[in-house]
Amino acid sequence: MVDHLFADTYLAALYDAWHPRSERDDYDFYLPRIMSAESVLDVGCGTGVLLADARRRGHRGRLCGLDPATGMLERARRRQDVEWVLGDLATTRWARPFDLIVMTGHAFQAIVADEELKAFAAAVRQMLAPGGRFAFETRNPAARAWERWRPENAVSVRGPEGEDVTITTRIVAGFDGDAVSFIHTFTGDHPALPLVSRSTLRFLDGDGVDRLLRGAGLAVEERFGDFQGGPFVADSPEIITVARAEP
Ligand SMILES: C[S@@+](CC[C@H](N)C(=O)[O-])C[C@H]1O[C@@H](n2cnc3c(N)ncnc32)[C@H](O)[C@@H]1O
């Protein structure tokens, strides 16, 4: 089931204010790869900012964004020069495969169960053209990002109608070796508020990512530990992987 955070129209509008393009160094990492690929699928595309940016910068090929959350996709659909599809990879197929599949904003971590992860990786492999690539990131569990997801680190964001929104995060089930569950609470002076959203994110380590990809016929080609292209080391914040479809 999709998190309220992404299905709700108000929260989807808040997402772009909370994560503005100017602070998305991950997009700066993925964009050159997108610009040099003829056909690109963005899985978990959210509000569609990444592919919209690629089109704006002159990408002339096939750009397709896929997301299971109505709130997020509604926003993406405001732009009509990209193909937007409501759904997930388990249930959606295209007649033509893609040269590049990307998954950004840690959307990969929303796939929690082992069986779902395996089915997802197999679907990625199936939707890649020969030699096509899958580029994505997942937070490195060794960096323990969830330790900062605490009420005292609440953030304030300007909402879609100019209102101040406070976003508070509280862990409800700590890291158990696999996943972390937490609650976001959104408060502020707006009729849509307060809102609460519960999420669970999976934290695979580097070996777990490699095993998953290998099992699906995807060979790791590049690995980075941050979006500046730094090497992956034990306590890197990110596990950023570019994998190639094996013949
Ligand atoms: C944190 S947002 C990231 C959105 C966008 N990729 C970005 O970089 O800002 C996570 C997105 O993953 C989507 N998502 C959740 N479960 C998914 C799944 N099983 N397959 C694909 N996308 C999923 C959510 O609906 C949401 O839009």
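Me: What makes 3 residue pairs between domain 1 and domain 2 count as being in polar contact?
Reply: Each of the 3 residue pairs, with both residues at pLDDT 80 or more, meets the rule for a polar contact: a pair of N or O atoms within 3.5 Å, where within protein one must be able to donate a hydrogen and the other to accept it, and residues adjacent in sequence count only if both atoms are side-chain atoms. Please keep in mind that this is a predicted model, in which local features need pLDDT of at least 70, side-chain atom pairs count only at pLDDT 80 or more, and totals for chains, interfaces and linings use all residues. Residues are numbered from 1 along each chain as its sequence is written, and side-chain values use heavy atoms, with hydrogens and water left out.

Me: How do you know where domain 1 and domain 2 lie in the chain?
Reply: The domain assignment puts 4–140 + 203–245 in domain 1 and 143–201 in domain 2; such bounds come from an automatic or database domain assignment.

Me: What makes residues of domain 1 and domain 2 count as in contact?
Reply: Contact means heavy atoms within 4.5 Å, and 18 residues of domain 1 meet 28 residues of domain 2 in this way.

Me: What is the area that domain 1 and domain 2 bury between them?
Reply: Buried area is the accessible area (1.4 Å probe) that two parts lose on being put together, summed over both. For this pair of domains that comes to about 1,700 Å², with 75% of it on carbon and sulfur atoms. Tyr 10, Trp 18 and Phe 203 supply 43% of the area that domain 1 buries against domain 2, more than any other three residues.

Me: Why is the pair Arg 75 and Asp 16 called a salt bridge?
Reply: The rule asks for a side-chain nitrogen of Lys or Arg within 4 Å of a carboxyl oxygen of Asp or Glu. The closest N and O atoms of Arg 75 and Asp 16 are 3.4 Å apart, so the pair qualifies. Arg 21 and Asp 53 pass as well, at 2.7 Å from N to O. The structure holds 17 salt bridges, yet the rule finds 0 across the interface of domain 1 and domain 2.
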